[in-house]
Amino acid sequence: MLTKGQIVGARAMLGLNQDQLVELVKAKDGTFSRSTLGRLEAKGSDHVLGATVRRVQEALEEQGAIFLPEDPERGLGPGVRIRSVNRL
């Protein structure tokens with residue numbers, strides 16, 4: 001499950017504000033609010049339904065986010081990267 005840091009980080013790296021992310025998630029289902037996103041970013045995924053977290057993850061991934069799991073053997077926490085865009 002995503003951490004609040006991964007969600008905030010992905011949104012920031014993609015240059016999205018909360019309203020823009022809300023609209024991306026709403027486009028998939030139609031039911032998502034800024035207060036839900038605020039709660040998710042402030043308190044983490046334990047305070048929001050798992051299906052909602054998955055919809056947020058899918059919306060961010062469609063914009064280019066790649067979520068990295070924790071790797072305790074290497075001492076690495078969960079993270080996020082942004083897919084590179086080939087530019088001419």
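Is G75 buried or exposed? At 63% relative accessibility, G75 is exposed, where exposed means over 50% relative accessible area, buried under 20% and partly exposed in between, with a 1.4 Å probe and protein chains only. The model is a predicted one, in which local features need pLDDT of at least 70, side-chain atom pairs count only at pLDDT 80 or more, and totals for chains, interfaces and linings use all residues. Residues are numbered from 1 along each chain as its sequence is written, and side-chain values use heavy atoms, with hydrogens and water left out.

G75 sits in the loop between β1 and β2; helices (H or I, at least four residues) and strands (E, at least two) are DSSP runs, numbered from the N terminus. Another glycine, G15, follows α1 and has a positive phi, near 75°. Along the chain G75 and G15 are 60 residues apart, and their C-alpha atoms are separated by 28 Å. A further glycine, G50, belongs to helix α4 and is partly exposed, at 25% relative accessibility. Between G50 and M1 there are 49 residues of sequence separation, yet the C-alpha to C-alpha distance is 8.2 Å.

An α-helix has 3.6 residues a turn, so residues three or four places apart point the same way. Beyond its neighbours within four places in sequence, R11 is in contact (heavy atoms within 4.5 Å) with L16, N17, Q18, L21, E41 and L60.

Two helix pairs can be described in some detail. The axes of α1 (residues 4-13) and α3 (residues 34-43) come within 7 Å and cross at roughly 120°, so α1 is oblique to α3. Here, K4, I7, V8 and R11 of α1 meet L37, L40, E41, A42 and K43 of α3. Axes are lines fitted to C-alpha atoms, for helices over the stretch in contact, and angles run from 0 to 180 degrees between N-to-C directions. Angles under 35 degrees count as roughly parallel, over 145 as roughly antiparallel, 65 to 115 as roughly perpendicular and the rest as oblique. For α2 and α4, the axes come within 9 Å and cross at roughly 110°, and these helices are therefore roughly perpendicular to each other. On the α2 side the contact involves L21, L24, V25, K28 and D29, and on the α4 side R55, V56, E58, A59, L60 and E62.

The largest nonpolar core has 18 residues, and those with the most contacts inside it are I7, L21, V56, L60 and F67. Such a core is a set of buried Ala, Val, Leu, Ile, Met, Phe, Trp, Tyr and Cys residues joined through side-chain atoms within 4.5 Å. At least two residues of this core come from each of α1, α2, α3, α4 and β1, with α4 giving the largest share, four residues. Not counting residues up to four places away in sequence, V56 touches I7, L21, V25, F32 and L40.
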